[in-house]
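Hi there,

Here is the structure I promised to pass on.

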Amino acid sequence: MKKFSKLALSALVFGAIVFTSCSDDDSSPPATPSIYERLGGTTMVADPDNPGQMIEQGRLSYRKVVNTTVGLIVADVQAGASGNLGAHFAPVLTEVGAGNTTNLAILVDNLTDFFSFNTGGTNAVNTYSGLDMVTAHNPALNPRMGTTSTNANYTKFVGYVGAAANQNGVASNTQLYTDIVAVLESLRDPIVQ
């Protein structure tokens, strides 16, 4: 029995060495960093909106894209652009028009949290505790939502986010841009109801 145990142990050690040396093969491609990491990750930078405070670069990148997206949506609503999303954001836009920006700030924070958390932001600051996508986009369950979304509405929203990403340094012809759009497309089914 001792010979069998020594033989089995020798086989295991030999196998571990062989498989370990195979896994160190340099021919395998390196893992692609998360979207959050490619947007700057956990590198701490000065927060331009909060003097004296620091923020993760990945989170700041998302916040900039979210703020720009909101700006593009509002500009189209104000201009009466065809297919604008004013009906979707009517409750929040009405509040902002009356001087109350509290719920707009909450919306921006929730979107920043959601995308940071779901694309690789692992620190506690990137925790999403908002509504699930189905509930958040159903006006019967969420009074902050003005109306349900169609595929055309959602395509328009994806276009706003793409334009906002471009304005914040993410070129359309990059893998990062493609990956961001893929995340947005993965949300189409629960949002379009």
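Predicted model: local features only at pLDDT ≥ 70, side-chain atom pairs only at ≥ 80, totals over all residues.

**What I found**

Residues are numbered from 1 along each chain as its sequence is written, and side-chain values use heavy atoms, with hydrogens and water left out.

**Salt bridges**

Arg63 meets Asp49 in a salt bridge, at 3.0 Å from N to O (a salt bridge is a side-chain nitrogen of Lys or Arg within 4 Å of a carboxyl oxygen of Asp or Glu). This pair links distant parts of the chain, with Asp49 in the loop between β1 (44-46) and β2 (54-56) and Arg63 in helix α3, 14 residues apart. Helices (H or I, at least four residues) and strands (E, at least two) are DSSP runs, numbered from the N terminus. Asp49 is partly exposed, at 49% relative accessibility.

The whole structure holds seven salt bridges. Another of them joins Asp179 to Arg38, with the closest N and O atoms 2.8 Å apart. Asp179 sits in helix α8 and Arg38 in helix α2, so this bridge ties together parts that are 141 residues apart in sequence. Asp179 is buried, at 18% relative accessibility, whereas Arg38 is partly exposed, at 27%.

Then there is Arg144 with Glu95, whose closest N and O atoms are 2.4 Å apart. Arg144 belongs to the loop between α6 and α7 and Glu95 to helix α4 (residues 90-97), so the two parts they tie together are 49 residues apart in sequence. Arg144 is partly exposed, with a relative accessible area of 30%, and Glu95 is buried at 19%. Shared partners also join Asp47, Asp49 and Arg63 into one salt-bridge network.

**The chain as a whole**

The chain has nine helices and two strands, in the order α-α-β-β-α-α-α-α-α-α-α. Of its 193 residues, 32% count as buried.

Which residues touch the most other members of the largest nonpolar core? They are Tyr154, Phe157, Val170, Leu184 and Leu187, in a core of 25 residues (a nonpolar core is a set of buried Ala, Val, Leu, Ile, Met, Phe, Trp, Tyr and Cys residues joined through side-chain atoms within 4.5 Å). Two or more residues come from each of α2 (35-38), α3 (57-79), α5 (102-118), α7 (151-167) and α8 (175-186). The largest share, seven residues, is that of α7.

Helix α7 has 17 residues and reaches 24 Å from its first C-alpha to its last, close to the 24 Å expected at 1.5 Å a residue (the expected span is 1.5 Å times one less than the number of residues). Its buried residues include Asn153, Tyr154, Val161 and Gly162, and what covers the buried residues includes α3, α8 and α9 (188-191). After α7 comes Gly169, with a positive phi near 95°.

Leu187 touches Phe114, Phe115, Met133 and Tyr154, not counting residues up to four places away in sequence (contact means heavy atoms within 4.5 Å).

**Aromatic pairs**

How many aromatic pairs are there? The count is four (rings of Phe, Tyr and Trp, the last by its six-membered ring, pair if their centres lie within 6.5 Å; planes under 30 degrees apart count as stacked, over 60 as edge-to-face and the rest as tilted). The rings of Phe114 and Tyr128 have centres 5.1 Å apart and planes at 80°, so they are edge-to-face. Phe114 lies in helix α5 and Tyr128 in the loop between α5 and α6 (133-136), 14 residues apart. Phe114 is buried, at 11% relative accessibility. Tyr62, Phe114, Phe115 and Tyr128 form one aromatic cluster.

Asp113 is also in helix α5, and at 13% relative accessibility Asp113 is buried. Beyond its neighbours within four places in sequence, Asp113 contacts Arg59, Val125, Asn126, Thr127 and Tyr128.

Best wishes

Definitions and conventions
Buried < 20%, exposed > 50% of the residue type's maximum accessible area, 1.4 Å probe, protein only.
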